[in-house]
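Please consult the sequence and structure shown below alongside the text.

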Amino acid sequence: MNVSRKLFWAMAAFIVVMSLTFMLITNAVVHGLLGELTPSSDQEQISRLSHTLAEYYDRHGGSWNGVEKLAPGDLLEEVQDSGLILYDVHDRKLAIFGSVAEPMIRGLGVEDRIETNGRDVGSFRYYDPEISVISKVKLGISHGVGFLLIVCAVVSRRRRRA
């Protein structure tokens with residue numbers, strides 16, 4: 001392999017690595033900024049859910065036994081078209097509450113940890129229509145930024161060839 005070919009592949013690898021690095025950093029920054037979009041009313045609802053679930057865990061002697069029998073109304077109150085998936089500390093699914101399909105909750109819901117006595121005892125993903133809209137905006141922006149970075153890398157690569 002001659003020197004010009006080695007140089008070409010070295011530059012191509014450098015461009016790919018730099019593009020991926022820039023894409024990951026940009027994605028992390030955009031996600032961080034968009035994470036602040038959750039309305040305070042939803043943040044309050046998420047905090048209430050976390051508190052209610054932590055109380056359940058404590059009342060049952062540090063166990064999630066029987067949590068699937070908990071009435072959805074006890075958790076989700078009056079939020080129409082909402083859903084929640086409860087996970088233990090090892091991320092095993094324990095229960096699903098609400099009227100929303102599991103893929104919607106996993107894909108567009110917000111995750112929060114459940115803590116009691118200073119330690120994690122589980123987590124949950126919560127979905128409601130308002131959070132869904134914000135999640136779609138977050139996904140759209142982050143996917144759009146990634147797509148634009150890839151297009152820019154390809155276009156700049158083609159221009160160098162010409």
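A residue counts as buried under 20% relative accessible area, as exposed over 50%, and as partly exposed in between. The model discussed here is predicted. With a relative accessible area of 43%, Met 18 is therefore partly exposed.

- Met 18 belongs to helix α1, which covers residues 3-34.
- Together with Leu 7, Met 11 and Phe 14, Met 18 makes a nonpolar surface patch of about 420 Å².

**Strand pairing**
- Strands β1 (residues 83-88) and β2 (residues 93-98) run antiparallel and are joined by five bridges.
- Within this pairing, Leu 86 has Ala 95 in β2 as its bridge partner.
- The two strands, β1 and β2, form a hairpin with four residues between them.
- In the turn, Asp 91 has a positive phi of about 60 degrees.

**Aromatic pairs**
- A pair of aromatic rings is described by the distance of the centres and the angle of the planes.
- The count of aromatic pairs comes to three.
- The pair of Phe 8 and Trp 9 is edge-to-face, because the ring planes are at 75 degrees, with the centres 5.0 Å apart.
- Phe 8 is partly exposed at 32% relative accessibility, and Trp 9 is partly exposed at 47%.
- The rings of Tyr 56 and Trp 64 have their planes at 10 degrees and their centres 6.3 Å apart, so this pair is stacked.
- Both Tyr 56 and Trp 64 are buried.
- Tyr 56, Tyr 57 and Trp 64 are linked into a cluster by ring pairs.

Notes:
Residues numbered from 1 in each chain as written. Predicted model: local features only at pLDDT ≥ 70, side-chain atom pairs only at ≥ 80, totals over all residues. Heavy atoms only, no water. Patch = residues over 30% accessible without salt bridge, like charges linked within 9 Å, V, L, I, M, F, W, Y side chains within 5 Å. Areas by Shrake-Rupley, 256 points an atom, 1.4 Å probe, with all protein chains shown as cover. Salt bridge = Lys/Arg side-chain N within 4 Å of Asp/Glu carboxyl O. Buried < 20%, exposed > 50% of the residue type's maximum accessible area, 1.4 Å probe, protein only. Pairing = 2+ DSSP bridges. Phe/Tyr/Trp six-rings, centres within 6.5 Å; stacked < 30°, edge-to-face > 60°.
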